[in-house]
Amino acid sequence: MSVIIAAAFLPADDPEASLGFFRDALGFEVRQDVGQGTMRWITVGPPDQPETGIVLHPPAADPGVSDEERRTIAVLMAKGVYTALSLAAHDLQGTFDRARAWVESTGSGEVLQEPEDQPWGVRDCAFRDPAGNLVRINQR
């Protein structure tokens, strides 16, 4: 039996900005875009991995989430500690340069760390996407 990761979910309070980061900065393709305005579920993914996607979704859109919980989620997202994603690239420096250029040109998202060797054995860089999610990218 083989189990794959079909989708991971990341909150996106500004769907257009988040879409720009994953599509334009990281080179992902748009697979599906459902909804309208800020209530959109956008699936993106690497062009060479059609079976794996990331769903950018409205934070706290579940009707079972209370107003207090929505406020807590908004605070955690603003601090950049709500969710994280780890990606990998064959060309880490090129990927970093492209993403940094996008962040600098749009003023959206944040560069947290340039590519560097980590004590746990990987070389990686780090960004915050426009919603505040931590996105680390490892050298493959």
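Reply: Helices (H or I, at least four residues) and strands (E, at least two) are DSSP runs, numbered from the N terminus. The model is predicted, so local features need pLDDT of at least 70 and side-chain atom pairs count only at pLDDT 80 or more, while totals for chains, interfaces and linings use all residues. Residues are numbered from 1 along each chain as its sequence is written, and side-chain values use heavy atoms, with hydrogens and water left out.

Me: Which pattern does the chain follow along the sequence?
Reply: The chain holds three helices and eight strands. Read along the sequence, their order is β-α-β-β-β-α-β-α-β-β-β.

Me: What radius of gyration does the chain have?
Reply: The radius is taken over C-alpha atoms, and the globule rule is 2.2 Å times the number of residues to the power 0.38. For 140 residues, a compact globule would come near 14 Å, and the chain agrees with this at 15 Å.

Me: Where does UniProt place the feature "domain: VOC"?
Reply: UniProt positions are given in the numbering used here, feature names are shortened, and annotations may be inferred rather than shown by experiment. Residues 4–140 are 28% helix and 37% strand, with end C-alpha atoms 19 Å apart. The unreviewed UniProt entry places "domain: VOC" at residues 4–140.

Me: How many of the residues of helix α1 are buried?
Reply: Buried means under 20% relative accessible area, exposed over 50%, and partly exposed in between (1.4 Å probe, protein chains only). Helix α1 covers residues 15–25 and is largely enclosed by the rest of the structure. Among its buried residues are P15, L19, F21 and F22.

Me: Is S18 buried or exposed?
Reply: S18 has its place in helix α1. With a relative accessibility of 1%, S18 counts as buried.

Me: Which residues does S18 touch, not counting residues up to four places away in sequence?
Reply: Contact means heavy atoms within 4.5 Å. With those sequence neighbours left out, S18 touches A12, L56, P130 and A131.

Me: What share of the contacts in the chain with a separation of 6 or more comes from residues 24 or more positions apart?
Reply: The contacts considered are those with a separation of 6 or more. Residues 24 or more positions apart account for 47%.
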